[in-house]
Amino acid sequence: HLYRILRSGEVRVNKKRVDATYKLEMGDLVRIPPIRAKVADHTDEPPKHVTAKFEQSVIFEDDAMLVLDKPAGMAVHGGSGVSRGVIEQLRMERPQAKFLELVHRLDRETSGVLMVGKKRSALVALHEAMRRNQMDKRYFMLVKGHWTEKKKHVILTLQKYLLENGERRVSVVTGRPDPRAEDEGQTSETIFHLKAHYGDFSLLEAQLITGRTHQLRVQLAHLGFPIAGDDKYGDFALNKTLQKQGLKRMFLHSAETNIRHPLTAERLKLIAPLPPELDKFLKKLALEN
């Protein structure tokens, strides 16, 4: 709940929006909205009106963690006009669970591997693995344009800013200061691998080295290879054409995550197959080209 009111801009510091990483300084003026909390209902049965959405999406589960194949179109948590995301839905479906926390985030329109901690010790260990770059995350994306390099290592500095309507965006730091920027920027790093060509499109696999907000989308748009169906950084005229051809979502999928189990150190290969709608669109492109 606190994270949601931060993201929606209800908490202000010196009359400006802040995110959860902001550190208060002496003299800061903090505005906090009235907060109402519901009394918890400590029953082991999910409310009767809650429909289980993720039982068929579980990739891996034990006492320490839960891994889902998240569908496109669902936010991972509430906020910014979304009342219920994946984590809120999970908590409603599993009222007996004492601890359920997101290990990381995926954009609403991105599908694929999403990890949830079921124990605080597991959550802390997974966060530490992410900080130490001990987590191998692979994404598939279809981009506009003819990508030529088999392997390309991309390092760009990204900075966040807000649109007038409060929506968050990210841009590449090019040397000229952006008056909208909230910070000086953070380094983003990705290794892209070419998988196949489909006419005027290229299928890429991305290996994340860092995990910045909208990293893949912004990097690829900056390089001149926007992701097909990206409604924030993509080619909007092309997206309209693609919708008529059957691609009604962004072609970005978290396909595989390789990690060591946070408590047992066992090697885990977590795989989310390409969703049927994306696989169908690729086959359509292959027939046409």
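Tutor: A word on terms: helices are DSSP runs of H or I with at least four residues, strands are runs of E with at least two, and both are numbered from the N terminus. This is a predicted model, in which local features need pLDDT of at least 70, side-chain atom pairs count only at pLDDT 80 or more, and totals for chains, interfaces and linings use all residues. Residues are numbered from 1 along each chain as its sequence is written, and side-chain values use heavy atoms, with hydrogens and water left out.

Student: Happy to start with H214. Does it count as buried or exposed?

Tutor: Find H214 in the loop between strand 12 (201–208) and helix 4 (215–222). Its phi is positive, about 55 degrees, although H214 is not a glycine. Buried means under 20% relative accessible area, exposed over 50%, and partly exposed in between (1.4 Å probe, protein chains only). H214 has 11% relative accessibility, so it counts as buried.

Student: And what is the relative accessibility of A265?

Tutor: A265 sits in the loop between strand 13 (252–260) and strand 14 (267–271). A265 is not a glycine either, yet has a positive phi of about 70 degrees. A265 counts as partly exposed because its relative accessibility is 37%.

Student: Which elements do the buried residues of helix 2 pack against?

Tutor: Helix 2 (residues 86–93) has six of its eight residues buried, so it is largely enclosed by the rest of the structure. Those buried residues are V86, I87, E88, Q89, L90 and E93. With contact meaning heavy atoms within 4.5 Å, they pack against helix 1 (2–7), strand 5 (65–70), strand 6 (101–102) and strand 7 (111–117).

Student: What is the bridge partner of V13 in strand 3?

Tutor: Strand 1 (residues 12–13) runs antiparallel to strand 3, joined by two bridges. In strand 3, V13 has as its bridge partner V30.

Student: Last one: which residue stands opposite K151 in strand 11?

Tutor: Strand 9 (residues 151–162) pairs with strand 11 (residues 186–198) in the antiparallel sense, over eight bridges. Strand 9 is also joined to strand 10 (residues 168–172) by five bridges, again antiparallel. In strand 11, K151 stands opposite H193.

Notes
Two strands pair if DSSP finds at least two bridges between them.
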